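This briefing is for a reader new to the structure. It takes up the ligand, then the helix packing, then the backbone.

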Amino acid sequence: MELDWGLGQYEPTGESLLPISEVVVAMSEPLAGKRVVDLGTGTGNAALLAAERGAVVTGVDPAARLVEVARKRATERGLQAEFLIGDAASIPVEDGTADLLLSVFAVIFAPDADAAIAEMVRATAPDGVIRLTSWVPGGSMMAINGAAGKFMAEVFGSGPAPDPDAPKPLGWHDEPALQEAFAKHGFVVELERRSMNLTGKSPEEYLEKSARHPMAVSAAQALASRPDGNELQAELERRLLAAVREINEDPAALKVSNEYAIVTARRG
Ligand SMILES: C[S@@+](CC[C@H](N)C(=O)[O-])C[C@H]1O[C@@H](n2cnc3c(N)ncnc32)[C@H](O)[C@@H]1O
């Protein structure tokens, strides 16, 4: 089942990812008058930065609660931007309308990557650009999610055998795989790797702040359905703390680095 990103509080994570939207929007300038679609806008980070630069912006997200948060942030800042409920399987814009289609750590969650690429291509103007970001495996974000995923698989099993007809997953950080996937639509891909540091007081504080993340809330709800739910939740927290301590680069506080890929695709 797909995660409901409206669960809990995505907002603090959105704040910590804002510097990446700043990078992505800055490298897409000039934006005045350009039609920008921010797919998987969340709380509207990239959409609002583009609107500040004079773009005509549509933010799209499947999570109705986050769409409301994004609208409220736009109103508070006096920015013009439209926010719609929708996802990568069906982006609610006309064919060829996006001069720039952004997706900051969002389309990577689409269950059918090939269909999502076809849909982004459909929405993009003939001379338009698709720009997305993806975490690179081996980084801390992946290590923490991996520790949680491993524990949940131990508790609930790894689920039914994979369906041979299910859509093929795509490594959204993997340049040759992306070239192949986009080439079907006549697009060429460029990939740039960057790094972002997350800092804080301690691993404990980081985990406390992350406890209301949609993924954490969804895991907690699943564990609570078990009779030994409290013990399981405590064990998950122990494992996560161990995972964060392992990747922490600052013994006196918290510093974890996350490598990510910025992928730019345009018609070749
Ligand atoms: C990690 S958050 C990133 C949000 C925002 N772009 C940011 O930088 O803060 C992932 C976002 O992707 C959205 N999302 C999940 N599945 C999606 C899909 N299939 N198509 C489009 N967006 C999706 C979620 O609702 C969530 O807002």
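The shell around the ligand is made up of eleven nonpolar, five polar and two charged residues. Here Ala, Val, Leu, Ile, Met, Phe, Trp, Tyr, Cys and Pro count as nonpolar, Asp, Glu, Lys and Arg as charged, and the others, Gly among them, as polar. The model is predicted: local features need pLDDT of at least 70, side-chain atom pairs count only at pLDDT 80 or more, and totals for chains, interfaces and linings use all residues. Residues are numbered from 1 along each chain as its sequence is written, and side-chain values use heavy atoms, with hydrogens and water left out.

**Ligand**

- The ligand is surrounded by 18 residues, and the closest are Tyr10, Gly40, Asp61, Ala88 and Val104; a residue is near a molecule if one of its heavy atoms lies within 4 Å of it.
- In the side chain of tyrosine 10, an N or O atom is 2.7 Å from an oxygen atom of the ligand; a polar contact is a pair of N or O atoms within 3.5 Å.
- Glycine 40 takes part through its backbone, where an N or O atom lies 2.8 Å from a nitrogen atom of the ligand.
- Aspartate 61 has a side-chain N or O atom 2.6 Å from an oxygen atom of the ligand.
- On its own the ligand has 590 Å² of accessible area, and the protein covers 97% of that; accessible areas come from the Shrake-Rupley method with a 1.4 Å probe.

**Helix packing**

- Helices (H or I, at least four residues) and strands (E, at least two) are DSSP runs, numbered from the N terminus.
- Helix H7 (residues 203–210) packs with helix H9 (residues 229–247) at an angle of about 130°, and their axes are 9 Å apart; axes are lines fitted to C-alpha atoms, for helices over the stretch in contact, and angles run from 0 to 180 degrees between N-to-C directions.
- H7 and H9 are therefore oblique to each other; angles under 35 degrees count as roughly parallel, over 145 as roughly antiparallel, 65 to 115 as roughly perpendicular and the rest as oblique.
- Helix H5 (residues 140–156) also packs with H9, at an angle of about 150° and with axes 9 Å apart, so H5 and H9 are roughly antiparallel to each other.
- H1 and helix H2 (residues 45–52) have axes 8 Å apart and an angle of about 45°, and are therefore oblique to each other.

**Backbone**

- Glutamate 29 and proline 30 are joined by a cis peptide bond, with omega about 0°.
- Proline 30 sits in the loop between helix H1 (11–26) and strand E1 (35–39).
- Phenylalanine 105, a residue other than glycine, has a positive phi near 50°.
- The loop between strand E4 (98–104) and helix H4 (113–123) holds phenylalanine 105.

How values were computed:
A polar contact is a pair of N or O atoms within 3.5 Å; within protein, one must be able to donate a hydrogen and the other to accept it, and residues adjacent in sequence count only if both atoms are side-chain atoms.
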